[in-house]
Amino acid sequence: MNLRISSFLSSVALISLVAMPTQHSLAQTKKQRKALAAANDLLETNLQKHIGVLTADSLEGRRTGTAGEAKAVNYIEQYYRSLGIAGAAADGSYRQSFVVDEGKILAPAAFCSLDDKQLKAGSEFVMLPWSATQKIDASTAVALSESGAPWWYDAKDDLEANKNNPHLLPEQMIREKAMAAASKGATAFLVYNSNVADDDLKYNAKDRSDAIKIPVIYFTKAAVAKYSINGSASFSVKANIDFSEKKRNATNVAALINNNAAQTIVLGAHLDHLGYGEDENSRHTGPKAIHNGADDNASGTAALLELGRILKDKKLSYNILLVHFSGEELGLYGSKYFVEHPLVDLSQVNYMVNMDMVGRLNDSSKALTVGGVGTSPEWPGLLKLQEQKTFTIKLDSSGTGPSDHTSFYLKNVPVLFFFTGLHTDYHKPSDDAATINYKGEVLVVNYVNSIVESTPPNHKLAFTKTREQQMGTGGRFKVSIGIMPDYTFSGQGVRADGVVEGRAAQKAGLLAGDIIIQLGDYLITGMDTYMQSLNRFEKGQSTTVTIKRGTEVKVFPITF
């Protein structure tokens, strides 16, 4: 799961009455109980096996696009093949590959030197991602900024003068200064900050803003001290400013139980986790360690594998599509790609059930969250709430949230989301196989199975729009705009996958698909600058939001 759950609507625990059994039915019940116990024992054994394999250190945390994740993909594929369940692609394959675009990184040939002393990328210099890609071989101007030479710029005074200015973003200020210098004949813009108390600028690979006309290089505090950098000194500067695209190849796995039915039920879970925490989505503060992700989401992956085994020989009136998504921890990349490139006709999908973190059922509270119940008026009946005595069900009406069902809801597919709750091991290396409540997960798998099996034949559930949660920024900032960002968007700005009803963006007139490119005075180059900009506004404050809608640029007034 890539983000925390925020709220739930209600909690119910309902008990049904059972008629007294006859002597004949007692014998049947004993036989049935024995068969059920054997089935549950097999299910528990298999769950332990799957989670054990998926959380092995050799998989190194199943980070998206890594060799460890590829091992998980191989295991999932081989298990379905052993069950005789075919791949869902038209050619019978199980894999659906897609690319995760992570922005720009320094190309191998990039370098920077002062007086022929080679500097270290990152720790001593940072090439701004909107810098022109050029070579520099020149001497800096001494004292005066001369046309035809690289210019030094000490950001100290401007940063100090604007330290209480809520409308200052350092990167934007430097960009404006560099553009002004270029217009006056500077051939490069060399930035440093002589105030050692300020933080260094960090390279932002996902800054998608257009390149300016000249190269821009930031020299860190370490470089300032080591090389005695100041605006009055003359240096021979040699550099090659060059970037390359940073991309990962990721893989969804999809298998199809084909019952030659007109409609399909989709069951899903994400297979990826955090690796060593390289994507800065870990809550771990200690030394580098593998995040094996037992609950998140080896538990859902194992549950899905076993649902495939249980359902494969049932004579259901629906096809069953089993999809393991990659890239969920990065922002729902795999499910987003899947719904844009579906292996079945989405108009023929009856509903989608997502299992994410279903391995930590509390033996005392038996609390099970079921999200998405507002996406169809028929869910309460299928969930059998009046008969439910195994769990204390917490209902959440929203069709959106921090996991892959969101991608299907945004395509008008009814969804359910199963989740046994947050815990202190969430996104930490301690989320390991030994912490899983396997008997509790057996109960969850059986419950999902019962919903699938009790779905009325040849009946398509009605879809309803419901309460939508903002993803990604809720609770961390003073204000929110009320959109569901498309984390997979690789252009400049932030694209709205959805707009939350009743929130600032919707009231301003924004629509799903709009790309936010400016908030007030702040240019929005990607998610980082979007979040930085939100932090500059107060509740009740008004400004403007500039968006691209197709080829048009529109400006709307907005109040937070």
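Where in the structure is Asn-297 placed? Asn-297 sits in helix α6, residues 294-311. Helices (H or I, at least four residues) and strands (E, at least two) are DSSP runs numbered from the N terminus.

1. Basis of the model. This is a predicted model, in which local features need pLDDT of at least 70, side-chain atom pairs count only at pLDDT 80 or more, and totals for chains, interfaces and linings use all residues. Residues are numbered from 1 along each chain as its sequence is written, and side-chain values use heavy atoms, with hydrogens and water left out.

2. A cis peptide bond. Asp-296 and Asn-297 are joined by a cis peptide bond, with omega about 0°. Most peptide bonds are trans, and most residues other than glycine have a negative phi.

3. Positive phi values. Asp-116 is not a glycine, yet its phi is positive, near 65°. Asp-116 lies in the loop between β4 and β5. Asp-116 is exposed, at 59% relative accessible area; here buried means under 20%, exposed over 50%, and partly exposed in between (1.4 Å probe, protein chains only). Asn-458, also not a glycine, has a positive phi of about 55°. Asn-458 belongs to the loop between α10 (438-453) and β19 (483-485), and its relative accessibility of 65% makes it exposed.

4. The antiparallel open sheet. Four strands in the order β5-β4-β11-β7 make an open sheet with antiparallel pairing. At its edges are β5 (117-118) and β7 (135-139), each pairing on one side only. Two strands pair if DSSP finds at least two bridges between them. Strands β4 (residues 111-114) and β11 (residues 236-240) run antiparallel and are joined by four bridges. Cys-112 has Ala-239 in β11 as its bridge partner.

5. The mixed open sheet. Another open sheet has four strands in the order β6-β10-β9-β8, with mixed pairing. The edge strands β6 (125-127) and β8 (150-154) have a single partner strand each, so one side of each is left without a neighbour in the sheet. On average, neighbouring strands of this sheet are turned by 25° against each other, direction ignored. Axes are lines fitted to C-alpha atoms, for helices over the stretch in contact, and angles run from 0 to 180 degrees between N-to-C directions. Strand β8 runs parallel to β9 (residues 188-192), and five bridges join them. Tyr-153 has Val-191 in β9 as its bridge partner. Helix α4 (residues 170-183) packs on the sheet and touches β8, β9 and β10 (216-219), its direction making about 145° with that of β9. Contact means heavy atoms within 4.5 Å.

6. Partners of β12. Which strands pair with β12 in the antiparallel sense? Strand β2 (residues 86-87) is joined to β12 (residues 243-257) by two bridges, and Ala-86 has Leu-256 as its bridge partner. Strand β3 (residues 95-106) pairs with β12 over 10 bridges, with Phe-98 opposite Ala-250. Strand β14 (residues 319-325) pairs with β12 over five bridges; there, Val-253 has His-324 as its bridge partner.

7. Two buried residues. Tyr-79 is in helix α2 (residues 67-83) and counts as buried at 12% relative accessibility. Leaving aside neighbours within four places in sequence, Tyr-79 is in contact with Asn-46, His-50, Leu-305, Glu-306 and Arg-309. From Tyr-79 to Asp-198 there are 119 residues in sequence and 54 Å in space, C-alpha to C-alpha. Asp-486 is in the loop between β19 and β20 (494-499). Asp-486 is buried too, with a relative accessible area of 8%. With the neighbours within four places again left aside, Asp-486 is in contact with Lys-336, Arg-495 and Asp-497.

8. The second largest pocket. This pocket holds about 300 Å³ of space. A pocket is an open set of points on a 1 Å grid over the protein atoms alone, where a 1.4 Å probe fits, with protein on both sides within 12 Å along at least five of seven lines; lining residues have an atom within 4 Å of a point. Its volume is the space filled by probe spheres set on the points. The lining includes Leu-383, Lys-384, Phe-391 and Tyr-447. The lining residues divide into four nonpolar, four polar and three charged. Nonpolar covers Ala, Val, Leu, Ile, Met, Phe, Trp, Tyr, Cys and Pro, charged covers Asp, Glu, Lys and Arg, and the others, Gly among them, count as polar.
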